6 protein chains.
Amino acid sequence: MPTRAIVTFGEAMVRLTPPNLQRIEQTSVLDLYIAGAELNVAVALARIGEPVAWVSRLPDNPLGRRVVLHARGHGVATEGVEWSSDGRLGLLFVELGSRPRATASLYDRAESAFAQLDPGVFDWPALLDGARALHTSGITPALSPACAQAAAEALGAAREAGLHTSYDLNFRARLGTPGQARAAAEALAPSIDTLIASAGEAAAVFGLDGEPAEVAPALRERLGVTRVVISRRIDIGDGLQARRSACACADHEVVQADSPEFALVDPLGGGDAFSAGFLSGLLNEDPKRGLELGGAMAALKQSIPGDFAIIDPAEVDELVHRGVFAGTRR
Amino acid sequence: MPTRAIVTFGEAMVRLTPPNLQRIEQTSVLDLYIAGAELNVAVALARIGEPVAWVSRLPDNPLGRRVVLHARGHGVATEGVEWSSDGRLGLLFVELGSRPRATASLYDRAESAFAQLDPGVFDWPALLDGARALHTSGITPALSPACAQAAAEALGAAREAGLHTSYDLNFRARLGTPGQARAAAEALAPSIDTLIASAGEAAAVFGLDGEPAEVAPALRERLGVTRVVISRRIDIGDGLQARRSACACADHEVVQADSPEFALVDPLGGGDAFSAGFLSGLLNEDPKRGLELGGAMAALKQSIPGDFAIIDPAEVDELVHRGVFAGTRR
Amino acid sequence: MPTRAIVTFGEAMVRLTPPNLQRIEQTSVLDLYIAGAELNVAVALARIGEPVAWVSRLPDNPLGRRVVLHARGHGVATEGVEWSSDGRLGLLFVELGSRPRATASLYDRAESAFAQLDPGVFDWPALLDGARALHTSGITPALSPACAQAAAEALGAAREAGLHTSYDLNFRARLGTPGQARAAAEALAPSIDTLIASAGEAAAVFGLDGEPAEVAPALRERLGVTRVVISRRIDIGDGLQARRSACACADHEVVQADSPEFALVDPLGGGDAFSAGFLSGLLNEDPKRGLELGGAMAALKQSIPGDFAIIDPAEVDELVHRGVFAGTRR
Amino acid sequence: MPTRAIVTFGEAMVRLTPPNLQRIEQTSVLDLYIAGAELNVAVALARIGEPVAWVSRLPDNPLGRRVVLHARGHGVATEGVEWSSDGRLGLLFVELGSRPRATASLYDRAESAFAQLDPGVFDWPALLDGARALHTSGITPALSPACAQAAAEALGAAREAGLHTSYDLNFRARLGTPGQARAAAEALAPSIDTLIASAGEAAAVFGLDGEPAEVAPALRERLGVTRVVISRRIDIGDGLQARRSACACADHEVVQADSPEFALVDPLGGGDAFSAGFLSGLLNEDPKRGLELGGAMAALKQSIPGDFAIIDPAEVDELVHRGVFAGTRR
Amino acid sequence: MPTRAIVTFGEAMVRLTPPNLQRIEQTSVLDLYIAGAELNVAVALARIGEPVAWVSRLPDNPLGRRVVLHARGHGVATEGVEWSSDGRLGLLFVELGSRPRATASLYDRAESAFAQLDPGVFDWPALLDGARALHTSGITPALSPACAQAAAEALGAAREAGLHTSYDLNFRARLGTPGQARAAAEALAPSIDTLIASAGEAAAVFGLDGEPAEVAPALRERLGVTRVVISRRIDIGDGLQARRSACACADHEVVQADSPEFALVDPLGGGDAFSAGFLSGLLNEDPKRGLELGGAMAALKQSIPGDFAIIDPAEVDELVHRGVFAGTRR
Amino acid sequence: MPTRAIVTFGEAMVRLTPPNLQRIEQTSVLDLYIAGAELNVAVALARIGEPVAWVSRLPDNPLGRRVVLHARGHGVATEGVEWSSDGRLGLLFVELGSRPRATASLYDRAESAFAQLDPGVFDWPALLDGARALHTSGITPALSPACAQAAAEALGAAREAGLHTSYDLNFRARLGTPGQARAAAEALAPSIDTLIASAGEAAAVFGLDGEPAEVAPALRERLGVTRVVISRRIDIGDGLQARRSACACADHEVVQADSPEFALVDPLGGGDAFSAGFLSGLLNEDPKRGLELGGAMAALKQSIPGDFAIIDPAEVDELVHRGVFAGTRR
């Protein structure tokens, strides 16, 4: 484990998407990407130079190896992956939409090797040795009781070892009810330092409506965590572009930032790139810069096909400082 | 023939389109779709659950079989297709444009098996047995005198059998003059219950300018048909999005509706999806719902590559009720 | 149900294959095909003009609808498909190999809607009404106890209704042991008229080695079925081409035939095309012609990408009569 | 017209082929190539450095312009193309086969701009001014009476101007009967110096069976032309490779040559590349080298997708001298 | 050389672009285009019917031949290309961006055959014989001292022969500093009739900020050339569309024109299409029409993938006269 | 550096190949692979589980990062890569051929960041710390004098540190003369333990003709190295398949082995996979097993598109033990 690495924990899937806005019923080919909220966060962190490791469980077959090939290629340490001979790799079929047709996800992740993990198998003290932060999300406990237990163990061990812990609410209606998501977050809250959520998730799961600057402190109080980060996507003009407005609220510290404007080439993974950027800033003790990094990284991610933020630090910095569209560089 | 089916009659073509907004002169591959106004209507009806049959004439070769494979796959009954050993399958080369380059169609449909049909060969009483409606469009009589005669026979037989008859004006400048289109419509009008046209077609063919609510009653009076439906596309903002405004006018009944906003991924087949939605509503005795269904189905169709409205009833219903863009579902 | 149709019963999957002999670990796109032994048989029968229906269970999602779109498109009646809101569509990842790399299949079909079927839900007397034959294979009982029960019920109902019943051994080591396959076949044998197997399967499952003409009578005696058909692929020259040698053995009737030579473009579905051809001949009371049809259809299938035998009767007839490669027709 | 150019005269088409050995009924894309026997000859000549011009008639639309773009790009002078506002561009759908499935062509060239040409419109003396040879093929007179007349005029004018004239029999069963092909050749023979045919064509059209060395003199005597070239493809081993054996017979001169061995990637255009090579050698007064060049060029062409021999003189020379497969050059 | 042709002089490259807005780090295929400012101008001129020739130096390998194939195919005379056995073909990797990710170019053109040219090798009097105009751009002198010398010789010879000379500033920060670009322009100015630049380039290279109508006369005075043309892209609405505003300023003549609105499918080559249109108008003694043609051609170009303006005169005329988006033509 | 790792040293390139046997002059897309002899060896070693590191120099741009992404993804440690701000990434254009058209390589690797390396910049003692072997090839010294010096330093440092050193002759006629290759090998020989070459290379570079078992001892004596491995490809039947026959000769040890038969899907990288397999066996003190592993790995590699041996240890073992083609596994 590289010294002072950030560790993320969660499931990865192969994502299959028809090209060129086609529908599944008409396409004869599917584009193959790798996806998974916590792996997306790890890749985004690695791309901006943060040492990062990803802990998961994968089936020992070509699909599982493909996941590691991509994670490792982008610079994520994968020694913490447990290989299993049973279970499958979860799949995610995504139809990218265009107004008024919504982007639609068809999860096929049941019975995955990850969902069937044996929580005790992860030696968290060893996996977290030398690390400075642990990140997971609400998807993990929603996958299976075993995953919920593993998330609790991971967060507990991280807390005990003095690491910063973060948790993205990541509410997925296809994986559970709002009540279940709330219960999971509440159960884990004592081990969470920073909770991240979209305004829509906060409303759906906790009934907290309003602007990020209103929701963040309310949710912080509700859960008793150190810090809450709330972001909201705001449509611009006729809705073909948007920006992300975010607020991070801690004890004596409330910071806010708006992202650059972006058009949606591929909406998936934007929130994960935001989380990565925020964590990077936060762990360098600059949450304001975290919001700026997160906003810029999410905006860049959404211009890139697939779930991964295939970016480099220079363009993130340039976007943070410039804040506007560069046009054509040559 | 499934009981109470809607029967459509017209030509189908293989449509060939360069991918990724390329031009024919530069592309090395062509995407293959199936197209044809009346078949598009049939497919859209089948996709929302209406029993539907399509009557046509196809050459007995791989291209003709390909048409039936797609029509049948989407649930359209094709027993009424006459197979011919002579003639060819019409082709349609389409370059999708982007401002300011227009989407351009190059018809290559002359001498098709359909255009060379023998009108007497269709046993209309049998083909329409048990059906409740017949639909065709102005393209059919414009293809050849034999096609014009077949359209007249089909509409006459349908009228005689008590079916609802509908006719989409579908004026195509590449197939004939406005005067020819007007003459064809006037000749068939005594057998038509519902005439459907865009505002642009009504202006070009009948010299009737104005909003749908003005044009529809004027054209109804002019042709003496029971009902006229006029729709118009209205650009929004900078013109990258649009909505469709439509009016259906019958004796003591004028209904109007605007469609959801949509961006144009592929403009072809939008009008046919609209006609399908309207017919479905009308035949269920709710013309207002027909306009809403038509607007939603056309908006969805235009987000999908190809001429076919590859939709399902649930998303149409959701769009009709919600009316706005769903973003990302997961 | 079309009068005198053949009914097949089994699972269908989406098959995903990297293009151009790539491996799953390197490809960025996957070609999408529909596959499934009994559906492959149904499609092959439909393509040569036999009325045919397919009974199965599919999830009500875009993947399930995609299966029906293809089955129906090729002319297979699908009214007997039960739609389910639970369960998934099975997937099959296939890497096409090239010497010395084997073609490799990665099944991901566990927990499918089909495997979770409720056997009692199929009203077999109704589904088989008017039919003349039922076909299923050893894959069906290997999928789950419920599937095994459904296969037994289907064969039993068919036998009771006087239909011809056929069963392709289709041993899949990834689905069960040879002993399990043997037990399943023996349990169903009293309801089976014709059992079809490759020589390799007969050896693996029943320990019967030898040429088709030796194995067929031995296996017939062993199982007590009316007729056994055994085929074997024989490499030619350096092994880049092959032919299929088959023998069908019934009471006073032993017929044999060799297929045309073929090169392997896509090996999957060849056995299913053979079964379809044999059944067509047999049900027209000419088992010799069945072997010839089966050999020709399997040889053609293996020249076509995907599992389906996208052929037409004329080319099958020509190949049966000519027996050799035509080169270029123009 | 470049001094001493070779002029070819005939129709060009857009050729559409499903990729990866797919069938038309299953493909969702078609690869676009340009094809046409006499244009293929012109391109092959241009590629080996012979000045060459192509005379034809094309519709003034993107498809027609695409043809000229490719012809001109490969170095063929196209000033002799007549542009027409009527008529269409002929199409050729080709399914590349694999044993035992034949490569199949579906012509869709009826009513083409070329077939509807006005023979008198070509100013042959001007078009042939400064040229040294004219080449056309049996496809041209088979397309329409007008084309037959134009071919006669072209050959007549060339003969009168002292050019060498050549005619590839190119019998196409889809365009006419053997009797028609024979009649056309016999009518044109008085204006032909060199007639080129495959052994199969000579057998089908003139009933002359046998080896090239037997057929060539017999056909020469029959038609009264100066020179006859006959070639035959000979399968090697299991038939996955072949070579071409050819004989050119003139008054006191009989030359023979075998081509290098080749595997068939794309069989179309091979004969045209052979004709080009032979003409190049002949016009440089070395018919033996013509056979060698033709054999090498046809062998190379058949390793290249599409109808065009996209080769360069160095690799032709190397193959003529080496005669065997080079493997990998690096 | 066609009489009265326009001659352009500069480097061409193979441009490689990941499809579908992918990044180089993720794509497994690259789309291949031909690019190069002066060749782009030549192609755009040829497409609207102007006789045009392109002078350059290319390596004698498949990449070099590919360039000529495309140039010649679009109608550009390439006899003035010098073939070299040394040097490479320059490459240009382009990632098309989407807000806020900039379109990014990675030049790989060092040590190209063109950059290594021997200036004395071009026989400019012969190359310009019969021509009426010469065009080059600031990229040429920036490539190497030898290229700078060749540009000077070309412009000098053109001036001497009485041709119109034009020079597009084409400042590329990756090829040199603003000071170097200024020095090159100033050194060549005595031989330049018309200088073309974007407002951004004029600001970067000469420190002249402002609207085209302000910058053009100022720069004209500064350089002492006959005519200066300045254009600026103006974003519209939310910046997903733009138009180009241009001003041409000569002695007693200032003309201005705005282009039609356009969306950016592919931004590269837009300026070159503008230059081509302007030159065509100017050389026909109508600089106002030149701005209109240039604006329309650039707008069309930017709707087309790749650097080339694959347009036809009719659609340019229609756009100039209509000025707005045609939608769908059929 | 993982303990006991094998270290390889050499250049990597982006390899660009037209799909489907197309030529560069006709393709509109290029498939992108990563290539480079010593990186290929590293990837093949990593794929079979050997800890391995690759030392090189790459430009800090998307192409350079792409190389590391793939190397790291397959498990190769890349911390020893030096990133440079100057120089380019070498490119390799490859046209895959088919009889009689040779597979052709167009190197575009001049002025690469690697060729311009500063030899002193590599801290070899640190890079080799803990390693057990160093591998490089004759390509490295052929690239530039600086590369030759770096290769000498690397081999010298490895020898000093007691590592096994290996050197693949890898003669490339496009990079130098046989004499230069011989001189380079002779100069490095005192630091080389194992020299690997093909029979063809041994003949071209050292004039040693004959079977591997003859050439290996002769070359060993000539160069004075501990061990020489010679392999030769032997065509089978009609030459569409081959096998590799190899001999490794050391002091009292001569071992020989033939590979399984293979067909050539992509010939590049086969020798590198062979070297990897041999080294793995040798370093585990079983050179006979090394030849078997190498033969099996090269045979598998040549069935896979691209330069990398994307294999897994299980299939290598199975092939070594089985030795024949598995057909279809399911």
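Helices (H or I, at least four residues) and strands (E, at least two) are DSSP runs, numbered from the N terminus. Axes are lines fitted to C-alpha atoms, for helices over the stretch in contact, and angles run from 0 to 180 degrees between N-to-C directions.

This is a predicted model: local features need pLDDT of at least 70, side-chain atom pairs count only at pLDDT 80 or more, and totals for chains, interfaces and linings use all residues. Residues are numbered from 1 along each chain as its sequence is written, chains are lettered from A and ligands numbered from 1 in the order in which they are written, and side-chain values use heavy atoms, with hydrogens and water left out.

**Confidence**

The predictor assigns the complex an ipTM of 0.94 and a pTM of 0.96.

**Helix packing**

Two packed helices are described by the angle between their axes and the distance between the axes.

| Helix pair | Residues | Angle | Axis distance |
|---|---|---|---|
| H1(A) and H9(A) | 37-47 and 270-283 | roughly 50° | within 8 Å |
| H1(C) and H9(C) | 37-47 and 270-283 | about 50° | 8 Å |

H1(A) and H9(A) are therefore oblique to each other. Angles under 35 degrees count as roughly parallel, over 145 as roughly antiparallel, 65 to 115 as roughly perpendicular and the rest as oblique. Their crossing is right-handed, meaning that the near helix is turned clockwise from the far one by less than a right angle.

On the H1(A) side, the contact (heavy atoms within 4.5 Å) involves Ala37(A), Asn40(A), Val41(A), Ala44(A) and Leu45(A). H9(A) supplies Asp272(A), Ala273(A), Ser275(A), Ala276(A), Leu279(A) and Ser280(A). By class, these are 7 nonpolar, 3 polar and 1 charged. Ala, Val, Leu, Ile, Met, Phe, Trp, Tyr, Cys and Pro count as nonpolar, Asp, Glu, Lys and Arg as charged, and the others, Gly among them, as polar.

In chain C, H1(C) and H9(C) are oblique. They cross in a right-handed sense.

**Chain copies**

Two copies of a chain are related by a rotation about an axis and a shift along it. Of the contact residues of chain A, 11% recur in chain E. Superposition is by least squares on the C-alpha atoms of residues with pLDDT of at least 70 in both.

Chain D goes onto chain C by a rotation of 120°, with 0.0 Å of shift and RMSD 0.0 Å. Only 14% of the interface residues of chain D are also interface residues in chain C, so these copies meet through different surfaces.
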